[in-house]
Amino acid sequence: MARMTDQEATELDEKWTNNPPKVGENGTGFFARKQKAHLIEVDDFSSDYLVTKARAENKTPKQIVRELISEQIVKTAV
């Protein structure tokens, strides 16, 4: 993997120091907009459950949430 030179690191530092990304509330900041993500807040118990279940099933928490929601939609539609 290529490494930055001191000159490149200095230039990158200056760029982000002089032009910091704009952050916003409720997932409206720079990175959330770039990823087209919808951020939601969950409590510690729910977060731990999602991470544990995802690891056990070798999936991502996003996949687990999608499956749980899909199951609820099917139950509701019947």
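The exercises below work through the helices, salt bridges and surface patches of a predicted model.

Residues are numbered from 1 along each chain as its sequence is written, and side-chain values use heavy atoms, with hydrogens and water left out. Local features need pLDDT of at least 70 and side-chain atom pairs count only at pLDDT 80 or more, while totals for chains, interfaces and linings use all residues.

**Exercise 1. State how many helices and strands the protein has, and check the span of H3.**

Step 1. Helices (H or I, at least four residues) and strands (E, at least two) are DSSP runs, numbered from the N terminus.

Step 2. The protein has 4 helices and 0 strands. Read from the N terminus, the order of elements is α-α-α-α.

Step 3. The expected span of a helix is 1.5 Å times one less than its number of residues. H3 has 13 residues, so it should span 18 Å; its end C-alpha atoms are 18 Å apart, which agrees.

**Exercise 2. Describe asparagine 58 by its place, phi and exposure.**

Step 1. Asparagine 58 sits in the loop between helix H3 (44-56) and helix H4 (61-77).

Step 2. Its phi is positive, about 55°, although asparagine 58 is not a glycine.

Step 3. Residues are sorted by relative accessible area: buried is under 20%, exposed is over 50%, and partly exposed is in between (1.4 Å probe, protein chains only). Asparagine 58 has 71%, so it is exposed.

Step 4. For the protein as a whole, 6% of the 78 residues count as buried.

**Exercise 3. Find the salt bridges and say which residues they join into one network.**

Step 1. Side chains of opposite charge can pair when their charged atoms come close. A salt bridge is a side-chain nitrogen of Lys or Arg within 4 Å of a carboxyl oxygen of Asp or Glu. This rule gives 3 salt bridges.

Step 2. Lysine 53 pairs with glutamate 57, with the closest N and O atoms 2.8 Å apart. Lysine 53 has 25% relative accessibility and so counts as partly exposed; glutamate 57, at 32%, also counts as partly exposed.

Step 3. Glutamate 57 also forms a salt bridge with lysine 59, where the closest N and O atoms are 3.5 Å apart.

Step 4. Lysine 59 in turn meets glutamate 67 in a salt bridge of 2.6 Å, N to O. Lysine 59 is partly exposed at 31% relative accessibility, and glutamate 67 is partly exposed at 32%.

Step 5. Through shared partners, Lys53, Glu57, Lys59 and Glu67 form one network.

**Exercise 4. Name the residues of the negative and the nonpolar surface patch.**

Step 1. Patches are made of residues with over 30% relative accessible area and no salt bridge; like charges are joined within 9 Å, and nonpolar side chains (Val, Leu, Ile, Met, Phe, Trp, Tyr) within 5 Å. Asp and Glu count as negative, Lys and Arg as positive; His and the chain ends are not counted. A charge is placed at NZ of Lys, CZ of Arg, CG of Asp or CD of Glu.

Step 2. Glu8, Glu11, Asp13 and Glu14 form a negative patch. Glutamate 11 lies in helix H1 (residues 6-18) and is partly exposed at 45%.

Step 3. Met4, Leu12 and Trp16 make a nonpolar patch of about 290 Å². Leucine 12 is also found in helix H1, where its relative accessible area of 36% makes it partly exposed.

Step 4. Accessible areas come from the Shrake-Rupley method with a 1.4 Å probe; for residues, only the protein chains shown count as cover. The protein exposes about 7,600 Å², of which carbon and sulfur atoms supply 55%.
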